[in-house]
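Student: I've got a two-chain model to look at. Can we walk through it together?

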Amino acid sequence: MTEVQDPQRIQTETPDLEITLPARAENVAVVRHAVGGLGEVLEVDDQTLSDIKLAVTEACTNVVVHAYPGGEGPMGLRASIDDRRLLLVVTDRGRGIVPRPDSPGLGLGLPLIATLAESLELGTGRLEETEVRMTFDLGTPGSTGGFV
Amino acid sequence: MSDAATTNEAVVHVRSGPLVGAVLGRVVGMLAARAQCPIDRLDDAILLTDAVAAHAPVHARNSHVHVVVAADDERLELRVGQLRPDGARRLLADGDLPGVGNVFDRVADDVQTGTGADGETGELVLRLNFRS
């Protein structure tokens, strides 16, 4: 993982894409599929897109499993694109990222995201949302699709 | 779309341009499929989505297209919001195809134009029933 000097730089007032839906297991695939559409338009190569989709899937799965114990709430994805660099922010309004001794998972989600993404930040947004912020270097455009 | 227990709802806010069709089509397709939408109606849903993606950016109040997609066991609903005050009517009119008629009217079971919850922006509501 490479340190990005200023990850905030990519964040715009209005992201290029924002999706909000209930934090249910079935909706992780919806977000993943939407990211696939994003990658197609941005002409992202298959390997990079696969990494991006896996990272987003892990972040969204964390929301579904950990954010709302015993209940349900919103899960969001924001995407901002700046000169072949993609910032993805997965958000929730749950209890925040806290240690969980009774976690049903292996605890590999965030380390995996950190490995796949160019940078990873965990924090709280302006609306007190829990945020997982990931940046990806999209490389040079591939040979399919087109983004204006 | 009142039963929260069975309704799945996605709010999509996407910058006008090629992202609209690519993302919106996938979200609508996934939600409709999850709601056990019959295959012929899934085609209709994608047709409506393509028409929205093609014409909504022109009538959006700002640089983004805003769509709420809701699906349950009975129907799919697209609420195309944050349009200019006259945008819903104009978007509906853009669905006219020579010799075919209006694609929104012909494909959707219910079409309504109105204003959004803020009372200022236009909203086009399209409903597609899964069963006749």
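Tutor: Pairing here needs at least two bridges found by DSSP, and helices (H or I, at least four residues) and strands (E, at least two) are DSSP runs, numbered from the N terminus. This is a predicted model, where local features need pLDDT of at least 70, side-chain atom pairs count only at pLDDT 80 or more, and totals for chains, interfaces and linings use all residues. Residues are numbered from 1 along each chain as its sequence is written, while chains are lettered from A and ligands numbered from 1 in the order in which they are written.

Student: Which residue in the turn between E2(A) and E3(A) has a positive phi?

Tutor: Strand E2 (residues 74–82) of chain A runs antiparallel to E3(A), joined by eight bridges. The two form a hairpin with two residues between them. The one with a positive phi, about 50°, is Asp83(A).

Student: How do H2(A) and H3(A) run, roughly parallel or roughly antiparallel?

Tutor: The axes (lines fitted to C-alpha atoms over the stretch in contact, with angles from 0 to 180 degrees between N-to-C directions) of helix H2 (residues 46–67) and helix H3 (residues 109–116) of chain A come within 9 Å and cross at roughly 155°. Because angles over 145 degrees count that way, H2(A) and H3(A) are roughly antiparallel.

Student: Which element gives the largest share of the side of chain B that touches chain A?

Tutor: Counting contacts as C-beta atoms, placed from the backbone, within 7 Å, 19 residues of chain B are in contact with 21 residues of chain A. Strand E1 (8–15) and helix H1 (18–34) of chain B each supply at least two residues of that side. The largest share, nine residues, comes from H1(B).

Student: Which residue in E1(B) does Thr20(A) stand opposite?

Tutor: Strand E1 (residues 17–22) of chain A pairs with E1(B) in the antiparallel sense, over four bridges. Opposite Thr20(A) stands Val11(B).

Note on methods. Contact = placed C-beta atoms within 7 Å. Parallel < 35°, antiparallel > 145°, perpendicular 65-115°, else oblique.
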